[in-house]
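Subject: Structure for you to look at

Hi there,

Please have it open while you read.

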Amino acid sequence: MARHRFDQMRTAFFYFFSLLLLLSSVVRAQEIPNPLEETQKAKSAEAVPPVLQVTPAQRPGLQEEHPRLFWIIPTYKVSNSKAPVSMSSPEKFRLFVRNTTDPSTITYAAFTAGIKQADNKLSGYGQGAAGYGKRLGAGLANATSAGFFRTFLFASLFHEDPRYFRQGSGPSKNRLEYAMIRPVVTRKDSGGRAFNWSGLLGSIAASSLSNVYYPETDRGVGPTFRRAATGIPISVIDNLIHEFGPDLERKFLQKH
């Protein structure tokens, strides 16, 4: 019965993840300019008086470049803008898809699955190739659900911005405090600060959902909230990497 339930969960997740990959391909295809459309737009612009070319407003906050940190770590959810523009719900969904389907996300899930297998974490999955496959599937499911709830769903419901806004300069102490407090205090779409409801509720929702596919010994209220609490220091580490990583990268490259 448990085996049948896990097979159903794995099949459902496979179709869901495939849908995300398809959506990601569509989103990225829309970002590639069509030469014919660009030519037609250019001709239309020439015929329009300069005063009318002000429409619509550009969104500089969403046109930032996102180079990989140390050529590996994606920075889609990091902004260096000092005048950020709020994200719409479709843009938050696009950010969720892009980050979830990035090869680094899958690679990290594969790596952590190996660590958990070596430590016999989630022991109900067993060992061998089957055990590793279950841990990998659970890791991908965790990453997908956490991104969906935190980056898109609750961020849209509470009108909060899921990005990390890097300070990039100033006293190291201030930057350290800023990075450490961001899992608790976040930026609202309208500007200003607010309690990070999307991060908290998103973590609890994702941790609760994992009870569907985790071994029976790792389910329940206690394990659910322990997993959610573990996400806070992990978020702090992520923020520290986003804040100070570019500085370390520049020093590293200067030495070479």
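Let me begin with helix α5: at 1.5 Å a residue, its 30 residues should span 44 Å, and the end C-alpha atoms lie 42 Å apart, which agrees. Please keep in mind that this is a predicted model. There is a bend in α5 of about 35 degrees, located at Phe149. After α5 comes His159, with a positive phi near 55 degrees.

Next, the packing. Two packed helices are described by the angle between their axes and the distance between the axes. For α5 (residues 128-157) and α7 (residues 197-209), the axes come within 8 Å and cross at roughly 140 degrees. The two are therefore oblique to each other, and the crossing is right-handed. On the α5 side, the contact is made by Ser145, Ala146, Phe149, Arg150, Phe154 and Ala155, while α7 brings in residues including Leu201, Ala205 and Leu209. Sorted by class, this contact of α5 with α7 has 8 nonpolar, 5 polar and 1 charged residues.

A second pair is α6 (residues 172-181) with α8 (residues 221-254), whose axes come within 8 Å and cross at roughly 145 degrees. This crossing of α6 and α8 is right-handed. From α6, Ser172, Arg175, Leu176, Tyr178, Ala179 and Met180 meet Val236, Asn239, Leu240, Glu243, Phe244 and Asp247 of α8. The contact of α6 with α8 divides into 7 nonpolar, 2 polar and 3 charged residues.

Happy to chat about any of this.

Best wishes

Notes:
Residues are numbered from 1 along each chain as its sequence is written. This is a predicted model: local features need pLDDT of at least 70, side-chain atom pairs count only at pLDDT 80 or more; totals for chains, interfaces and linings use all residues. Side-chain values use heavy atoms; hydrogens and water are left out. Axes are lines fitted to C-alpha atoms, for helices over the stretch in contact, and angles run from 0 to 180 degrees between N-to-C directions. Helices (H or I, at least four residues) and strands (E, at least two) are DSSP runs, numbered from the N terminus. Angles under 35 degrees count as roughly parallel, over 145 as roughly antiparallel, 65 to 115 as roughly perpendicular and the rest as oblique. A crossing is left-handed if the near helix is turned anticlockwise from the far one by less than a right angle, and right-handed if clockwise. Contact means heavy atoms within 4.5 Å. Ala, Val, Leu, Ile, Met, Phe, Trp, Tyr, Cys and Pro count as nonpolar, Asp, Glu, Lys and Arg as charged, and the others, Gly among them, as polar. The expected span of a helix is 1.5 Å times one less than its number of residues. The bend at a residue is the angle between axes fitted to the seven residues ending there and the seven starting there.
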